[in-house]
Every structure is written in C-alpha cells, then in structure tokens.
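Subject: Structure handover

Hi,

Here is the structure I promised to pass on to you. Please open it alongside this message, and then read on.

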Amino acid sequence: MEISKRADRISPFYVMELLEKARMMELQGHRIIHMEVGEPGFETPGPIKEAAVAALNEGKTFYTHSLGIPELRRAISDDYANSCHVDIPPDRIIVTNGSSGAFTLLFAALLEPGRTLVLSDPGYPCYRNIASLTDCAIQSIRVSAENNYEILPQHLDALPSADLLVVANPSNPTGAVYRPETIAALHRRLSDAGALLIVDEIYSGLTYDVDFSSSACISGDIILVSGFSKAYAMTGWRLGWMVVPPNLVRPIQRLAQNLFIAPPSISQYAALKAFDDKEVLAQMCSLYKNRRDFLIPRLKGLGFVIPRIPDGAFYIYAGIDNFGIDSMAFVERALSEAGVAITPGYDFGEYGASSHVRFSYADKLDNLEEGCDRLEAWLGNV
Ligand SMILES: Cc1ncc(COP(=O)(O)O)c(C=O)c1O
C-alpha cells in the first residue's frame, strides 16, 4: 500500500536531517562544529538528574495521569506565580511529551478542514508540518527585520480568515522578542473575531538585555506552550506543558489519553526539581549571551548580514546575499567542505529562504570560535 497523501506531503525538518548527516560524518571520524541544532550546549543540571535516578530507584516507572502528575502541574503553576505573579490554577496546566506534543494535541483539538492557521514566515517549521495533518488551511505572514520580525494586527486584517495564530516568543529562527503591546493587540484583534492565539514560550528564560514577560500576564485566554527542553537543558527528556482555557482541558485530555497515554514518568519526577535553582539557569543564560555577543560581530566580519540583534533564544538569522550561493547549497557545502553544520533558510518558510541561514549559538564558545575560523578559511575559497 502507498503511504497517505498527507504523509507524502510533509516536509522534512531539515535541521534534523542535517544533524543526522553531521552525526554520520562524525561516526566516520570527521570533526564537525554544530551551529545548526537548537540544543543547549549544557548537560541537564545535577539536581534534576538526581531526582530522575531517585524516581527510577523508587519504581516510579508507570503510566501517570494523562495530563501530568499533580505535583508537577502545581510546581509549574507556582513558578508562574513566582516569576510573573500570575495565578494559573494547576487544572489549566497540561504536561505534554515535549512542547511538540502540546502542538500535536492543540492542533488536533482546534484545526480541521475549513479553518485557517496563521503562522509567520520565517517561523518554526514544525507548526506547519504538524498542522498539515489536519488538512486545515495555512496562511503565512511575511515578517522582516524592519518590524522586529513581529506579526502585527494589520497583517491579520489583510487575510481572508484567521482562526488560530501561533507566534513563538522569543522566536525561532530570528531570536526576536515580541513587544508585550504587540501580543496584547494581536490577542484583542483575534478575540474580537472569535479566534485564538497560541504563544510558544519555549525560549522564555533565554532573553538578553530585554525584559521578557510571559503572555500569561496579558490574558487567561491566550494559550501558552512551553517546556523544559531549552532553558532547563532537557531536550532528550521530552517534556513540555501548555496552559489552556478551562473549556479545552477535557477535549485535550481525551486526545492525550489516546495519542500519548501519559507524558514520560521519570522525566516528570525529575522536572519537579527544575524550578528550584534559578541561579544555574541564570548562569546558562549569561553564557549564551556571551556566545551571542562573540558571534554577531564575527559573522558580520565574515560578510553575513544581521540587520537586528536577536534578543532571545540562541539563534542568529543571517543573510547570505554577499556570497551569491543558494542557502541549501551553502549549508551543504559548509558541512562537507568546512565541517560546519548550519541550518538553511528553507527550514523556516519561503520568504528569504534562499538567502538566509540560521546559526545556533547554543554550543560552547571554543567550538563557535573554531566554526568561525573554519568558515573564514572556507569562504576565502568559495
Ligand atoms: C519554537 C520552538 N517550539 C517548540 C520546539 C520543540 O521543543 P520540544 O523539545 O519541547 O518538543 C522547538 C524546538 O526547537 C522550537 O524551536
């Protein structure tokens, strides 16, 4: 039997393909500098790992409640209260299999043929790829450095319809941080039309020189998605969460029971320790800032165009017009000829895709320095 048309249509997540290729080259003995993947260059903090070991030893290896263990839902609620002074009842918090799991559940609950999902271009590719499984319509809005890469209410006015808007704040791939007034205006515009806003805050906690406030402070109707992968250096633990309005909890629970049964048990018990030590998170954040501050002038010096300093996440979205090479060819050659892995603009949409690449500065400074030296030597010969 042939695979379904839906599955046939879905695009690869290029950055994962590139990572897999780079890892294959490493197995063959090549040294690769990783500036492609959005993976923290830190191990998961010790207390979280110790809590996982304790949970294993205590036999906490069974399915949990489909919406997450009550202690973790409470801990997430307490963290919103402590860090943003917002009261979010634990029963509106749903623990998920990575924030990716939250998107699968939300799109299954909210999208169907005839509804329109609105996304930014460039933007995080998995939103589109997951949503395509629902056969909904998808509208892209082109965002650019002049507008801080923000979707604005007037962009929505120009669309025939908009049922659901997803923005990432801070954003992948641009590292832009939305102004709270933009989020508030988008929310007003969408609610007036009976539409919903999802804000993906997976990179919250990773902002530099700007004040970040969670959209939880703006309205309880905004759906928040977040997780432990990035700020807590827990990508492999596959744990995230979402905050939803009360009427969505039960439909999502039914979906979660069927699609995932439960989030991973050991990861949940480990994550109970994640919010305890904010100092370790602040240290990681300050190291990312140093890496960003090293990389931007160095890349500009090599001829990359960076019109706006990214304020968050660990990405730099850089123009490659000066090199006259399509971004896919650019990253393939950078990997095979310089041993530097970078993500092509094509992973993030169509607008400017051929003339942009994304650098991740999640890796150690020494490696980033070596990556730039290698690129400099390679660019001298292309
Ligand atoms: C904007 C954004 N949202 C969600 C995710 C997925 O994160 P998780 O590991 O929680 O599934 C990523 C991963 O790169 C991301 O960049």
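First, some ground rules. This is a predicted model, in which local features need pLDDT of at least 70 and side-chain atom pairs count only at pLDDT 80 or more, while totals for chains, interfaces and linings use all residues. Residues are numbered from 1 along each chain as its sequence is written, and side-chain values use heavy atoms, with hydrogens and water left out.

**The ligand**

Which residues surround the ligand? They are Gly98, Ser99, Ser100, Tyr124, Tyr127, Asn172, Asp200, Ile202, Tyr203, Ser229, Lys230 and Arg238, where a residue counts if one of its heavy atoms lies within 4 Å of the molecule. Helix 5 (residues 98-110) gives the most to this shell, with three residues. Helices here are DSSP runs of H or I with at least four residues, strands are runs of E with at least two, and both are numbered from the N terminus.

By class, the shell has four nonpolar, five polar and three charged residues. In this scheme Ala, Val, Leu, Ile, Met, Phe, Trp, Tyr, Cys and Pro are nonpolar, Asp, Glu, Lys and Arg are charged, and the others, Gly among them, are polar.

For Asp200, a polar side-chain atom is 2.6 Å from a ligand nitrogen. The protein covers 92% of the 400 Å² of accessible area that the ligand has on its own, using the Shrake-Rupley method with a 1.4 Å probe.

**Loops**

Two cis peptide bonds can be found. One joins Asp121 and Pro122, with omega about 5°; Pro122 is in the loop between strand 3 (116-121) and helix 6 (125-131). Another joins Asn169 and Pro170, with omega about -5°, and Pro170 lies in the loop between strand 5 (164-168) and helix 8 (180-192).

His85 has a positive phi of about 55° although it is not a glycine. You will find His85 in the loop between helix 4 (70-84) and strand 2 (93-96).

Happy exploring!

Terms used
A polar contact is a pair of N or O atoms within 3.5 Å; within protein, one must be able to donate a hydrogen and the other to accept it, and residues adjacent in sequence count only if both atoms are side-chain atoms.
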